[in-house]
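Please keep the sequence and the structure in view while reading.

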Amino acid sequence: MVQSLAQRATAIPRLARWDLQVLGIYTALVVMWIALTIMSPYFFTGENVRSLLIAASTLSLIGAGLTIVLIAGEIDLSFAALQAFAGSISALLIIKSGVPWPLGMVIAVVAAALAGFTSGIITIVGRLPTFITTLAMLGIVQGTAFLLTNGQPVTGFPDAYQFIGNQRIGPVPYSILVPGVIYVLLHLMLTRSTFGLQIFAVGGNKIAATRVGLSWKKTVVGVLVLSAFLSGISGIIITSRLGAGSGTYGADDLLPAVAGVIIGGTSLTGGKGSLIGTFGGIMIVVTISDGLVLLNVSQFWQQVLVGVIIMGAVLIDQTARGYLDAPWLMALLGRRRTAQDLEG
Amino acid sequence: MTDDSATPSTRVNGSGPFFEVRNVSKAFGHVQALQNVSFDLYSGEVVALLGDNGAGKSTLVKILSGVYSADEGEVFIDGQPVAIKTPMDALRQGIGTVYQDLAVVDTLDVARNIYLGRTPTRFRFLVDYQRMYVDARKVLTLLRVNMPSVRTKVGDLSGGQRQAVAIARTLAHEARIFLMDEPTAALGVAQSAKVNELMAELKNNGRTLLVITHNLEHVFAIADRLIVLRHGRRVAVRKHAETNREEIVGLITGAIRGD
C-alpha cells in the first residue's frame, strides 16, 4: 500500500501515546514528592505516606468506577453521593435497627448497586443521556442519605465493623489493602476480559459495536452498576474508618475524583482511559491536598487549584486528540501528527 | 441464465446458486422502494448492483444485511429459507456488510477491530489476545494487506487501510457473502486500486461479493455479472462478457427497456 511520510511516522508500534501520558503523570508525581520532601520535613514520613494512601484508596475505588463509565462513553455524577448513601444505610441498619453488621454492610452495598442499576435502566428505557439520569440519582441518594441520618453523624458501630478502617496487616492498613486488591482485579477486568474490551468498543464507537452484536444497553447498565457498587464499598470503608455514618461522608469526593480521573488521561468522549493513569491522577490530587496542608495554605485554595488542574488536563486531552492546534503542547506530549489530522 | 421461478433451487452443492433472493418488496409509506426483486448469487463471483439514485440499491442491501425487514419475499441460502431480522442474524447466516461509514473503532487497534464481536476467548470471559494478534495477522496476510502493525490504532490509519480493516473484519466473521455499499466512494485513486485488489483476493478465496457502486469503470474492472435496478424493479441481469457500457447506461437511465 502506498504510504505517505505522515503515515509512516505513525507506524511506531509499541510506545503509544497512552504510555507516554501515563509516564508523564508518574513523572509529575515523583517531582511533586521530591519537592514536598524538601519543603516539609513531615512529608516523607511513614505516618504521612500512610494517610496519603488511605485518602487515595477510597478515592481510587470511586475513581476506577468513573474511569470505567467514561471509557464506555457515559458519565456518572452520583458516585460520590452514593458513598454517603451506602454509609447512611449501613449506619441506620446496624446502629439503629440492630441488624448484624455483616448483613448490614452487604445490604448497604447492594442498595448502592441497585441505585446504579436504576439509573442504567432509566437511561436505556428513556433513551436519556447518563448525565441526566445520574444527576437525578445524585439528588435522590444524597437527599435520602440526609433523611436517613437526620443530617447528623450516626455513631456506635460495633468494634468488629470498624476493623477494616482501623486494623493493619503489618504496616499495611486494611483500608489500603482491600481497595488495592479490588483495584488490581478491576484493572485485569478492563484489560483482559471480554467485558473490558466491550466497554472500550462501545465507548469508542457505539454504532460499530452494536453492528457486531455488542450491546450498548448491557454495557451502560453494567458500568453504572459497577460504579455504584464500588461507591457502596468505598462508603462502607469510610464509615468503618470514621466509626460513623453521615449524609456528608464521601459526598465531597466528586471534585477530587473527577480531577484524578481526568489528569489520569481518561477521555471525556469515551473509548480511552486506564486505571493505571487514574491511580496516578488520584495520587497527584491527594498529594496536592496534603502538600497544601503541610505548607499551611488555606483549605479553600485546594478546591480552586484542583479546579484549575481539571481545566488544564482537559485542554491537554483536547490537544492530544487534535481538536486544539497547539504544536508546542503536541510536541510536549510526544504526539505525532497522523494521516487523519492531515486529511481532516 | 436468470432463474425467476418462485421455488428455490434444491441443489445445495455444485454449480447452482447458493444464495437466492425471491420476490422481495419493500415500501416506505406510499413509496414502493422495491417491487418483486429476485436474483441469485453463485460462489466466488463479484456482482455489481447498479441503478440511479432512488432505484432501491441501498434498500435492497439493507434488507439483506438485516437493517430493514422486507414487506414480502424470501431469502434462501443453500436452498434453505433464512430469516434476517437484525444485522446479527445476517452475520450468523454468513452475510457480512462492509458499511460505507466503515464502522471501525478509532480508539482500538487493528486486531481488536478485526475481531470485534468475535473475540477469541479463554475460560469464556477472558480475551485470548495472543491468539487474536496471530489470527489478525493471518487474515491480513490472506488479503495481502500491508499494515504498519496489528497493534496500530485504527484512528491513525489512512482511508484505504481503514477500509481494509473493515473488510478483514467481515472476513474474520466468516462471511460468505460480502455486501459492499460504495466501497471506494471516499477513497483516492491509489487507495481505490488497493480496495479492488482486496476484492479480487476475496473472490479468489471463494467469497461472493455484492457491490453497490456508481462508478461504471469500477464495475467493468471487477464484476462478473451486473444487476440493474430501476424504480425498485430489477430490470436486467447481464454477464460482463455479454454487455457493454452503452447498454448498462441505457438500462440505468431507462433509455433501454429491461427484460
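In β10(B), Thr208(B) is the bridge partner of Ile177(B). The model is predicted, so to speak of local features a pLDDT of at least 70 is needed, side-chain atom pairs count only at pLDDT 80 or more, and totals for chains, interfaces and linings use all residues. Residues are numbered from 1 along each chain as its sequence is written, while chains are lettered from A and ligands numbered from 1 in the order in which they are written.

**The six-stranded sheet of chain B**

- Strand β9 (residues 177-181) and strand β10 (residues 208-212) of chain B run parallel and are joined by 5 bridges; helices (H or I, at least four residues) and strands (E, at least two) are DSSP runs, numbered from the N terminus.
- These strands belong to an open sheet of 6 strands with mixed pairing, in the order β6-β9-β10-β3-β11-β12 (chain B); two strands pair if DSSP finds at least two bridges between them.
- At the edges stand β6 (95-98) and β12 (233-239) of chain B, each with a single partner strand, so one side of each is left without a neighbour in the sheet.
- Neighbouring strands of this sheet are turned by 20 degrees against each other on average, direction ignored; axes are lines fitted to C-alpha atoms, for helices over the stretch in contact, and angles run from 0 to 180 degrees between N-to-C directions.
- Helix α6 (residues 189-204) of chain B packs on the sheet, where it touches β3 (46-50), β9 and β10 of chain B, and its direction makes about 150 degrees with that of β10(B); two residues are in contact if their C-beta atoms, placed from the backbone, lie within 7 Å.
- Helix α8 (residues 245-253) of chain B lies across β3, β11 (225-230) and β12 of chain B, at about 25 degrees to β11(B).

**The four-stranded sheet of chain B**

- An open sheet of 4 strands has the order β2-β1-β4-β5 (chain B), with antiparallel pairing.
- Its edges are β2 (31-41) and β5 (80-82) of chain B; each has a single partner strand, so one side of each lacks a neighbour in the sheet.
- Strand β1 (residues 19-28) of chain B is joined to β2(B) by 7 bridges, and Phe28(B) stands opposite Val31(B) in β2(B).
- Helix α1 (residues 57-64) of chain B lies across β1, β2 and β4 (72-77) of chain B, running at about 65 degrees to β2(B).

**The contact between the chains**

- Chain A gives 25 residues to the contact and chain B gives 29 residues.
- On the side of chain A that touches chain B, the largest share, 5 residues, comes from α9(A).
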